[in-house]
Amino acid sequence: MRKSIKLTLDGKEYTATLNDNHTVEDILNMLPLELTLQRYANHEYYSSLPNKPSIKGVPMTSDAHAGGIYYYDGWSAFTVLFGDAHIAPFEVVHIGNIINEDVISQLATADATVKAKIEIK
């Protein structure tokens, strides 16, 4: 059975389905979390995690898509994308996807920071 989380962004709840890898398991072990996500590069919001999850043996990508959730090891950052991005030479772990595409329009017009609450669904 595929795991999922409840992601609340500035009071609006979303469900995200998660990929099956060690990074996801490490992040799930940190939940629940409350983070302040910061807008970056006009395509994402991010926040550093309290602990650094493992990326050993986990597939990485330089192509990130809107509505996706990613982990960037360089900043130990949990990121939510509202725009597609090719970020080479950097690589991220694809954590999962938010089911409701409304998140893209919400984040595209949001302020410089967004309050996030992440819980196991």
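A salt bridge is defined here as a side-chain nitrogen of Lys or Arg within 4 Å of a carboxyl oxygen of Asp or Glu. The structure is a predicted model, in which local features need pLDDT of at least 70 and side-chain atom pairs count only at pLDDT 80 or more, while totals for chains, interfaces and linings use all residues. Residues are numbered from 1 along each chain as its sequence is written, and side-chain values use heavy atoms, with hydrogens and water left out.

Glu119 pairs with Lys117 at 3.9 Å, N to O. Salt bridges with shared partners join Lys6, Glu13, Lys117 and Glu119 into one network. Accessibility was classed as buried (under 20% relative accessible area), exposed (over 50%) or partly exposed (in between), with a 1.4 Å probe and protein chains only. Lys6, at 24% relative accessibility, is partly exposed, as is Lys117 at 33%.

A further salt bridge is formed by Lys52 and Asp73 (3.6 Å, N to O). This pair links distant parts of the chain, 21 residues apart: Lys52 lies in the loop between strands S4 (44–48) and S5 (63–64), and Asp73 in the loop between strands S6 (68–72) and S7 (77–81). Helices (H or I, at least four residues) and strands (E, at least two) are DSSP runs numbered from the N terminus. Lys52 is exposed, with a relative accessible area of 53%, whereas Asp73 is partly exposed at 21%.

Grid points are joined across faces, edges and corners, and a volume is the space filled by probe spheres set on the points. The count is 1 cavity of 30 Å³ or more. The largest cavity holds about 50 Å³, and its lining includes Ile5, Leu18 and Phe78. Helix H1 (residues 22–28) supplies the largest share of that lining, 3 residues.

The largest pocket holds about 250 Å³. Of its 15 lining residues, Tyr40, Glu44, Tyr72, Ile87 and Phe90 are the closest to its centre. S4, S6 and S7 each supply at least two lining residues, with the largest share, 3 residues, coming from S7.

Methods. 1 Å grid on protein atoms, 1.4 Å probe; cavity = no way out; pocket = protein on both sides within 12 Å on 5 of 7 lines; lining within 4 Å.
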